[in-house]
Amino acid sequence: MPTRPPVDEVRPIRYGIVGNGWRAGVFLRMAYLMPQRFQVTGVVTRRAEAGSQLEKDWGLPTYRTLDELLDADRPDFVVLSVPWEVTPELTRQLVAAGIPVLAETPPAPDLDGLRSLWSDVGASGLVQVAEQYALMPLHAARLQLVRDGLIGQPTSVQVSSTHLYHVVSLMRQFLGAGFAPATVLSQTFHGPLVDPVTPAGWTHDPEPKTAKTILSTVDFGSAGMGLYDFTDNQWWNPLRPDHLLVRGSHGEIADDTVVRMLDPTTPSASRLERGSTGIGMNYDGLDLTHLSLDGRVVFRNP
């Protein structure tokens, strides 16, 4: 008989979802794959036809309004997976009802909106804004090495993988910059690039199109500096793979390679190694188990 995953002694975490885009689908899949940990109480969609499709695909109740969701089965918290301009008002409604909120980044469309939202709900302790990049396994492993002092004091971070606030979050984490103010200088460049994959799938188009690249320096003062390098659709385009370089006083981390001094005359390079199931004669399914450096586990999949 196949073994079942252990059942938690406590009940699953129960959450509602507002929105039905592809990001909302991530939270639906999470509950589907780990029912012993998570349960979706329902989904709010404005359109009845979209609700009917969700009910058919996921076997979950859907509602047209937030009040209907809360009245039917009060969740532990609500995930907002909606456009930027809608998030602030829904956040205010949920906080007024005493419901914790998990909002996507950013929780408002502009600086004035962010300040207004903070003024209204910041002191409630009920709102968290999801920022996942520092929790991704490879970033988490790199962060552990930096925080352990393996490359000394971090002085700069170069990120070429994702955009805007996600990148600045990573820079602040690797540098330990906290909420220090930053000075940003940016310039844009254009050039031809084939775009094989978009969110809709493979384009089957071999012809280059004009793509924009943004290069920015982010000066955090005494905490260090960052370099932002992002090209249109870099999230999806396999011709622009992601890169990360963290430089410190005693070495650097470049993608999955770590360079540091073993003693005053011995520079050494090591690689972060990925441990996986589902390879060779292993039938547990393809999944990450851990990341290690020189035999030391620096990230383990819980």
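**Reading the terms in a predicted model**

Ala-72 has its place in helix 3 (residues 66-72). The model discussed here is a predicted one.

Me: Why is Ala-72 called partly exposed?
Reply: The relative accessible area of Ala-72 is 47%. Partly exposed covers the range between the buried limit of 20% and the exposed limit of 50%, so the value of 47% places Ala-72 in that class. As to its position, the C-alpha atoms of Ala-72 and Thr-41 are separated by 8.7 Å, the two residues being 31 residues apart along the chain.

Me: How many aromatic pairs does the model contain?
Reply: The count comes to eight aromatic pairs, by a rule that requires ring centres within 6.5 Å.

Me: What makes the pair of Tyr-15 and Phe-77 stacked?
Reply: The ring centres are 5.4 Å apart and the planes stand at 25°. Stacked requires planes under 30 degrees apart, so this pair is stacked. The pair joins distant parts of the chain, with Tyr-15 in strand 1 (residues 13-18) and Phe-77 in strand 4 (residues 77-80), 62 residues apart. Ring pairs also link Tyr-15, Phe-27, Phe-38 and Phe-77 into a cluster.

Me: How do you know whether Tyr-15 is buried or exposed?
Reply: Its relative accessible area is 1%. Buried means under 20%, and therefore Tyr-15 is buried.

Me: Why is the pair of Trp-84 and Tyr-165 called edge-to-face?
Reply: The centres of these rings are 6.4 Å apart, which is within the 6.5 Å limit for a pair. Their planes stand at 70°, over the 60 degrees required, so the pair is edge-to-face. Trp-84 lies in the loop between strand 4 and helix 4 (87-96), while Tyr-165 belongs to helix 7 (residues 164-175), 81 residues apart.

Me: What makes Trp-84 and Tyr-165 partly exposed?
Reply: Trp-84 has 36% relative accessibility and Tyr-165 has 24%. Both values fall between 20% and 50%, so each residue is partly exposed.

Me: Which residues of the largest nonpolar core touch the most other members?
Reply: Among the 31 residues of this core, they are Met-171, Phe-174 and Val-246. Several elements each supply at least two residues of the core, including helix 6 (137-147), helix 7 and strand 13 (243-248). Leaving aside residues up to four places away in sequence, Met-171 touches Val-157, Val-159, Val-218, Phe-220, Gly-226, Leu-227 and Tyr-228. Another core, of 17 residues, lies apart from the largest one and includes Leu-66, Leu-80, Leu-90 and Ala-103.

Note on methods: Residues are numbered from 1 along each chain as its sequence is written. This is a predicted model: local features need pLDDT of at least 70, side-chain atom pairs count only at pLDDT 80 or more; totals for chains, interfaces and linings use all residues. Side-chain values use heavy atoms; hydrogens and water are left out. Rings of Phe, Tyr and Trp (its six-membered ring) pair if their centres lie within 6.5 Å; planes under 30 degrees apart count as stacked, over 60 as edge-to-face and the rest as tilted. Helices (H or I, at least four residues) and strands (E, at least two) are DSSP runs, numbered from the N terminus. Buried means under 20% relative accessible area, exposed over 50%, partly exposed in between (1.4 Å probe, protein chains only). A nonpolar core is a set of buried Ala, Val, Leu, Ile, Met, Phe, Trp, Tyr and Cys residues joined through side-chain atoms within 4.5 Å. Contact means heavy atoms within 4.5 Å.
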